[in-house]
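This briefing is for a reader who has not seen this structure before. Please look over the sequence and the model, then read the points below.

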Amino acid sequence: MELGRLCPGKAAGPDGVCPWLLRDCAAELCQPLHKIFNLSLQLGRVTALWKTSCIVPVPKTKCPAELNDYRPVALTSHIMKTLEQLILRLLRSEVKDKLDSLQFTYKEHIGVDDAVLYMLHRVLSHLEEPGVYVRIMFFDFSSAFNTIQPTILKDKLTKMGVDPSCVSWITDYLTGRPQFVRLRNCVSGTLMSSTGAPQGTVLTPFLFPLYMSDLKYSTESCHIQKN
């Protein structure tokens with residue numbers, strides 16, 4: 001049961017529901033949440049509160065000279081994260097044969113080390129031939145999460161054969177997301193976002209590889225590897 005796997009020490013999301021409460025009352029909440037989750041998926045809609053993000057700026061370093069360098073940490077609903085885990089399980093089963101084999105990050109049991117080993121193997125194997133050379137070009141996609149267009153992702157998921165209700169749910173999940181910033185006791189106004197994917201959520205790390213899945217190329221002499 002996903003509710004039982006929640007970490008009780010995590011901060012509550014914008015809905016104010018603490019994860020320890022959900023975990024301790026999992027037996028009582030599983031049935032009503034099950035009905036709500038099914039209804040959300042059938043309608044292809046996500047309630048605004050569940051997709052609201054509270055952005056908390058956290059310094060990247062403890063060095064006083066660099067305290068102006070922050071990274072945004074998004075607090076979201078733990079009820080929503082539980083539903084995302086269920087959607088993720090469904091989505092993985094439907095697209096497992098559609099993923100790019102040279103996409104190494106954001107996959108289960110595969111990581112950056114595998115990517116480095118694969119690249120070194122290709123390079124060293126090629127250099128064993130006389131009179132050859134290797135060219136490597138790197139592209140920085142570190143901010144690409146913020147460029148995801150929900151309508152484009154919707155078309156790609158549809159072509160992959162993902163269930164239409166799931167596609168509608170994911171599109172709504174990425175569209176019209178309320179966001180606000182909290183710094184100590186100060187809270188900003190709320191803005192609506194319909195571009196990119198929310199940071200700190202369960203589905204985002206898997207949706208981005210799906211969005212980039214058609215950017216692939218692999219031959220004996222050249223290949224695109226996504227790390």
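What is the accessible surface of the chain, and what share of it belongs to carbon and sulfur atoms? The accessible surface comes to about 14,000 Å², and carbon and sulfur atoms account for 58% of that area. The model is predicted, and the chain has an average pLDDT of 85.

**Overall layout**
- The chain contains 7 helices and 5 strands.
- Read from the N terminus, the order of the elements is α-α-β-β-α-α-α-α-β-β-β-α.
- Along the principal axes, the C-alpha atoms occupy a box of roughly 65 × 50 × 30 Å.
- The chain has 227 residues, and 36% of them are buried.
- Of the contacts in the chain with a separation of 6 or more, 65% are between residues 24 or more positions apart.

**Confidence**
- A pLDDT of at least 70 is reached by 93% of the residues.
- Among the elements, helix 6 has the highest mean pLDDT, at 93, while strand 2 (residues 70-75) has the lowest, at 77.

**Nonpolar core**
- The largest nonpolar core has 36 residues, and the members touching the most other members are Leu91, Trp169, Ile170 and Leu207.
- At least two residues of this core come from each of helix 2 (26-43), helix 3 (78-95), helix 5 (150-159), helix 6 (164-174) and helix 7 (204-211).
- Helix 3 contributes the most to this core, with 7 residues.
- Not counting residues up to four places away in sequence, Trp169 touches Ser40, Leu41, Gly44, Arg45, Val46, Met80, Leu83, Glu84, Ile87 and Leu203.

**A buried loop residue**
- Gln103 sits in the loop that lies between helix 3 and helix 4.
- Gln103 has a relative accessibility of 7%, so Gln103 counts as buried; the cut-off for buried is under 20%.
- With neighbours within four places in sequence left aside, Gln103 is in contact with Pro209 and Lys226.

Terms used. Residues are numbered from 1 along each chain as its sequence is written. This is a predicted model: local features need pLDDT of at least 70, side-chain atom pairs count only at pLDDT 80 or more; totals for chains, interfaces and linings use all residues. Side-chain values use heavy atoms; hydrogens and water are left out. A nonpolar core is a set of buried Ala, Val, Leu, Ile, Met, Phe, Trp, Tyr and Cys residues joined through side-chain atoms within 4.5 Å. Buried means under 20% relative accessible area, exposed over 50%, partly exposed in between (1.4 Å probe, protein chains only). Helices (H or I, at least four residues) and strands (E, at least two) are DSSP runs, numbered from the N terminus. Contact means heavy atoms within 4.5 Å. pLDDT is the predictor's confidence in each residue, from 0 to 100. Accessible areas come from the Shrake-Rupley method with a 1.4 Å probe; for residues, only the protein chains shown count as cover.
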